[in-house]
Amino acid sequence: MTSNNHMIHLETERATFNLRVVGVFIDSNHVLIHRAEPDKLWTPPGGRAELGESTREALAREMLEELKVEVEVGRLLWVVEYFYEMQGRPFQEVAFYYQAHLPGGCGISPDVPVFYGDDFGLPLIFRWVRVDGLVDELEGLPLYPSFLRTGLSQLPETPQHVIMREED
């Protein structure tokens with residue numbers, strides 16, 4: 001079990017900082033998104049890096065914890081500086097988004113559009129959504145960061161640096 005004491009996460013009186021890793025899984029023109037059961041916001045799956053591990057190692061560990069499979073971490077797509085507020089509290093996040101691949105035969109595919117997971121007692125909901133209809137399909141789904149609504153349909157050829165500012 002992973003201890004939160006080693007996660008790269010800092011809370012001050014003014015704001016919270018996270019170092020996040022994210023997997024972008026695309027299969028049959030669908031992308032995998034998820035949310036914790038009590039949350040309303042959807043994001044591609046990922047989590048926080050731990051002290052002493054690379055972002056690639058962190059993503060592989062997080063996906064093993066959440067999806068219960070060993071994934072292949074591919075190329076870096078985006079480095080995102082993300083500024084947002086949640087429940088009135090400012091957050092700053094630096095996130096590394098990697099293209100990632102699920103092992104064949106693992107049973108995680110768009111054939112099962114919604115499935116459930118668990119992250120050390122926190123229930124997770126996973127959902128496959130169509131990439132080509134992402135903006136329309138997600139009209140009622142809050143996907144964050146919002147650049148993903150268009151960014152997921154045209155993955156960059158080389159790593160891109162994105163600065164995003166959003167409010168609650």
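Arginine 61 and glutamate 53 join their side chains in a salt bridge, with 2.6 Å from N to O. This is a predicted model. Both partners sit inside: arginine 61 is buried, with a relative accessible area of 16%, and glutamate 53 is buried too, at 19%. Each of these values counts as buried because the cut-off is under 20% relative accessible area.

Side chains of opposite charge can pair when their charged atoms come close. Arginine 61 also meets glutamate 50 in a salt bridge, at 3.8 Å from N to O. That pair links distant parts of the chain. Arginine 61 belongs to helix α1, residues 55–67. Glutamate 50 lies in the loop between β4 (46–48) and α1. Eleven residues separate the two. Both arginine 61 and glutamate 50 are buried.

A further salt bridge connects glutamate 62 with arginine 61, at 3.0 Å from N to O. Glutamate 62 is buried, and its relative accessible area is 3%.

| Salt bridge | Distance, N to O |
|---|---|
| Arginine 61 and glutamate 53 | 2.6 Å |
| Glutamate 62 and arginine 61 | 3.0 Å |
| Arginine 61 and glutamate 50 | 3.8 Å |

How many salt bridges does the structure hold? There are four. A network of salt bridges links Glu50, Glu53, Arg61, Glu62 and Glu65.

Next comes histidine 30. This residue is found in strand β3, which covers residues 30–36. Is histidine 30 buried or exposed? It is buried, with a relative accessible area of 19%. That value puts histidine 30 in the buried class, because buried means under 20%. A polar atom of the histidine 30 side chain lies 2.8 Å from the backbone oxygen of serine 28. Which residues does histidine 30 touch, leaving aside neighbours within four places in sequence? Its contacts are Phe25, Pro110, Trp128, Val129, Arg130 and Val131.

Strand β8 spans residues 122–130. Six bridges join β7 to β8, and the two strands run antiparallel. Across from aspartate 118 stands proline 123 in β8. The two strands form a hairpin with two residues between them. In this hairpin, phenylalanine 120 takes a positive phi near 50 degrees.

Finally, the whole protein. It has three helices and nine strands. Along the sequence, the pattern reads β-β-β-β-α-β-β-β-β-α-α-β. The radius of gyration is 15 Å, close to the 15 Å that the globule rule gives for 168 residues, so the protein is as compact as a globular protein of that length. Its C-alpha trace spans about 45 × 35 × 35 Å along the principal axes.

How much of the protein counts as buried? The share is 49% of the 168 residues. Among contacts with a separation of 6 or more, 64% come from residues 24 or more positions apart. The protein exposes about 9000 Å². Carbon and sulfur atoms supply 50% of that area.

Key:
Residues are numbered from 1 along each chain as its sequence is written. This is a predicted model: local features need pLDDT of at least 70, side-chain atom pairs count only at pLDDT 80 or more; totals for chains, interfaces and linings use all residues. Side-chain values use heavy atoms; hydrogens and water are left out. Helices (H or I, at least four residues) and strands (E, at least two) are DSSP runs, numbered from the N terminus. Buried means under 20% relative accessible area, exposed over 50%, partly exposed in between (1.4 Å probe, protein chains only). A polar contact is a pair of N or O atoms within 3.5 Å; within protein, one must be able to donate a hydrogen and the other to accept it, and residues adjacent in sequence count only if both atoms are side-chain atoms. Contact means heavy atoms within 4.5 Å. Two strands pair if DSSP finds at least two bridges between them. The radius of gyration is taken over C-alpha atoms; the globule rule is 2.2 Å times the number of residues to the power 0.38. Accessible areas come from the Shrake-Rupley method with a 1.4 Å probe; for residues, only the protein chains shown count as cover.
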